[in-house]
Amino acid sequence: LRVYVLAKNSSLSQSSILATVVFERIIDGLTILTIFAMAMMFIGGGLQSDSVLGGGRTVFIWLVLAIFIACLVFLYASWRRPALMISPLKKISGLFGKAGEAIPAMAERFLGGLVIFSDLKRMLLYLFWSFISWLTVVLYFYLNFPILGIHLGFAQAIVVLSITVGGAMVPAAPGFVGTYHFFCQLALMAFDVDKARALSFAVITHAIPYVLSTVVGFACFLRENFHWAAISASKEI
């Protein structure tokens, strides 16, 4: 939907805009995992050894971090040397016959959307705002702790959010329903928060922004005069 809306209101192709979405997701992952590592250094003890953060299970977090870094390196290398992506795709596209003829051109437009790699100043500014945006979510978690009678600090809020975001990457129902609540609950229980209170926190912190963003988004959807049928029929990539 984001790719469609931005392409409709600009001169950019959907493939180019898709590149910005992929780039953003990778930077988001690196940002949240970086502040997670910093928070873990401040926390030290206080975690249950058999919790989601104990017994070496933080390996999952570091594995995800490694995957994000590898993806970012691959994108940068492909942007610098397009042949790294285009050449294999030209060979693979032949297997799809006529339907595959457009794949290399789509890949070229996709790489064209990674223009941010050519502007160090813009890249640093992007990283700055990524940190700011995620810290606002941490603040949201932190401010909800005392409301629900949970006595945890800002560093713990970072860890809880990081585990929740990492868990939400697991394929699940739309809106991260289920995975969000499960991993958020596990993260809170790692800090000795009782199961019922942890689940309440997960439900509330998920429901409020989900409902608000959906309502506001739907209102904007109507205001911009978009139609699902047009979006579904869109074939320009």
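Predicted model: local features only at pLDDT ≥ 70, side-chain atom pairs only at ≥ 80, totals over all residues.
Biologist: What share of the contacts in the protein chain with a separation of 6 or more comes from residues 24 or more positions apart?

Modeller: A contact means heavy atoms within 4.5 Å. In this chain of 237 residues, 38% are buried (under 20% relative accessible area, with exposed over 50% and partly exposed in between, for a 1.4 Å probe and protein chains only). Among contacts with a separation of 6 or more, the share from residues 24 or more positions apart is 66%.

Biologist: Is the aromatic pair of F128 and W129 stacked or edge-to-face?

Modeller: A search of the whole structure finds 11 aromatic pairs, where rings of Phe, Tyr and Trp (its six-membered ring) pair if their centres lie within 6.5 Å, and planes under 30 degrees apart count as stacked, over 60 as edge-to-face and the rest as tilted. F128 and W129 lie 5.1 Å apart, centre to centre, with 70 degrees between the planes. F128 is partly exposed at 46% relative accessible area, whereas W129 counts as exposed at 52%. Because planes over 60 degrees apart count as such, the pair is edge-to-face.

Biologist: Which element gives the most to the lining of the largest pocket?

Modeller: On a 1 Å grid over the protein atoms alone, a pocket is an open set of points where a 1.4 Å probe fits, with protein on both sides within 12 Å along at least five of seven lines, and lining residues have an atom within 4 Å of a point. The largest pocket has a volume of about 810 Å³, and of its 23 lining residues the closest to its centre are W134, V165, A168, F176 and Y180. Two or more lining residues come from each of α2 (14-43), α6 (120-147), α7 (154-168) and α9 (195-223). With six residues, the element that gives the most is α9.

Biologist: How many nonpolar residues are in the lining of the second largest pocket?

Modeller: The second largest pocket has a volume of about 370 Å³, and its lining includes L1, R2, F218 and W228. Both α1 (2-8) and α9 supply at least two lining residues, with the largest share, six residues, coming from α9. Alongside three polar and two charged residues, the number of nonpolar ones is seven.

Biologist: Which residues does L135 touch, not counting residues up to four places away in sequence?

Modeller: L135 has its place in helix α6 and counts as partly exposed at 32% relative accessibility. From L161, which is 26 residues away in sequence, L135 is separated by 10.0 Å, C-alpha to C-alpha. With residues up to four places away set aside, L135 touches I35 and F154.

Conventions:
Residues numbered from 1 in each chain as written. Heavy atoms only, no water. Points joined across faces, edges and corners; volume = space filled by probe spheres on them. Helix = DSSP H or I, 4+ residues; strand = E, 2+ residues; numbered from the N terminus. Nonpolar A, V, L, I, M, F, W, Y, C, P; charged D, E, K, R; others polar.
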